[in-house]
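Trainee: I have a protein chain open on my screen, and I would like to learn how to read it. Could you walk me through it step by step?

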Amino acid sequence: MAELNQPLIEEIEEEFKEEETDFCEICYDDHPKSMFFKIPECNHGFCEASLKDFFTFQITQSGQGHKVSCPQKDCGQVVLDDFIKRFVDNNTFQKFLEFKNNHEIAMSGDKKFCPRPNCEGVVQA
């Protein structure tokens, strides 16, 4: 059996120790800081995988797909579309835009959905 190169192993271990980590409040795990992204509107940071999972869940299963907020406890800052788009697949992002548009129409006092079956149009109220 070949002997392990002890100096090389120690060098690799030392490099790994030097990389700074941060704690993700979504997955409750430490990750290298290079894997973290800060939400521009509030500056809260989370790991990439957790942001992807969180945004996807918020859009597809939360019932609040039109409005995605920062996952940091007690923050509530709405996350902008461009930031969300970086983390979710195209189908999920299109669903988000559709939910957002539908919510804006439903809340509008001067627009409503076309009453004809299978029509996705919007009419002035």
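Trainee: How far can I trust a predicted model, and where is confidence lowest and where highest in the chain?

Mentor: Start with the general idea: where pLDDT is low, the predicted coordinates should not be read in detail. Here the chain has a mean pLDDT of 85, and 85% of its residues reach 70 or more. Confidence is lowest in helix H1 (residues 6-18), with a mean of 63, and highest in S4, with 96.

Trainee: Good to know. How many helices and strands does the chain have?

Mentor: There are four helices and six strands. Along the sequence they follow the pattern α-β-β-β-β-α-α-α-β-β. Two more values describe the chain overall. Of its 125 residues, 22% count as buried. Among contacts between residues at least 6 apart in sequence, 38% join residues at least 24 apart.

Trainee: Which residues of H2 are buried?

Mentor: The general idea first: an α-helix has 3.6 residues a turn, so residues three or four places apart point the same way. In H2 the buried residues are Ser50, Leu51, Phe54, Phe55, Gln58 and Ile59. They lie on the same side of H2 because they cover an arc of only 150° around the axis.

Trainee: What do those buried residues of H2 pack against?

Mentor: Their partners are strand S1 (21-24), strand S3 (36-38), strand S4 (45-47), helix H3 (81-85) and helix H4 (90-107). Now look from the other helix: the buried residues of H4 are Thr92, Phe93, Phe96 and Ile105. Their cover includes H2, H3, strand S5 (111-113) and strand S6 (122-124).

Trainee: How many residues are in the largest nonpolar core, and which have the most contacts inside it?

Mentor: That core has 18 residues, and Phe55, Val68, Phe83 and Ile84 have the most contacts inside it. The elements giving two or more residues to this core are S4, H2, H3 and H4. H2 gives the most, with four residues. For a closer look, pick Ile84: leaving aside neighbours within four places in sequence, Ile84 is in contact with Phe55, Ile59, Val68, Val79, Phe93 and Phe96.

Trainee: Ile59 is in that list. Is Ile59 buried or exposed?

Mentor: Ile59 sits in helix H2 and is buried, with a relative accessible area of 2%. Apart from residues up to four places away in sequence, Ile59 touches Gly65, Val68, Ile84, Val88, Thr92, Lys95, Phe96 and Phe99. Also compare sequence with space: Ile59 and Leu97 are 38 residues apart in sequence and 9.5 Å apart from C-alpha to C-alpha.

Trainee: Now the cysteines. How many disulfides does the count come to?

Mentor: A disulfide is a covalent bond between the sulfur atoms of two cysteines. The cut-off for counting one is a pair of sulfur atoms within 2.5 Å, and here the count comes to zero. Cys24 is in no disulfide, and its nearest cysteine sulfur, that of Cys27, is 3.8 Å away. The sulfur of Cys75 is 3.8 Å from the closest cysteine sulfur, in Cys70, so that pair is too far apart for a bond.

Trainee: Where are His66 and Gln77 found?

Mentor: Both His66 and Gln77 are in the loop between H2 and H3. His66 counts as buried at 18% relative accessibility, while Gln77 is partly exposed at 32%. Beyond residues up to four places away in sequence, His66 touches Phe96, Phe99, Lys100 and His103. By that reading, Gln77 touches Glu41, Cys42, Val68, Ser69 and Cys70.

Terms used: Residues are numbered from 1 along each chain as its sequence is written. This is a predicted model: local features need pLDDT of at least 70, side-chain atom pairs count only at pLDDT 80 or more; totals for chains, interfaces and linings use all residues. Side-chain values use heavy atoms; hydrogens and water are left out. Buried means under 20% relative accessible area, exposed over 50%, partly exposed in between (1.4 Å probe, protein chains only). The arc is that of the directions from the helix axis to the C-beta atoms. Contact means heavy atoms within 4.5 Å. A nonpolar core is a set of buried Ala, Val, Leu, Ile, Met, Phe, Trp, Tyr and Cys residues joined through side-chain atoms within 4.5 Å. pLDDT is the predictor's confidence in each residue, from 0 to 100.
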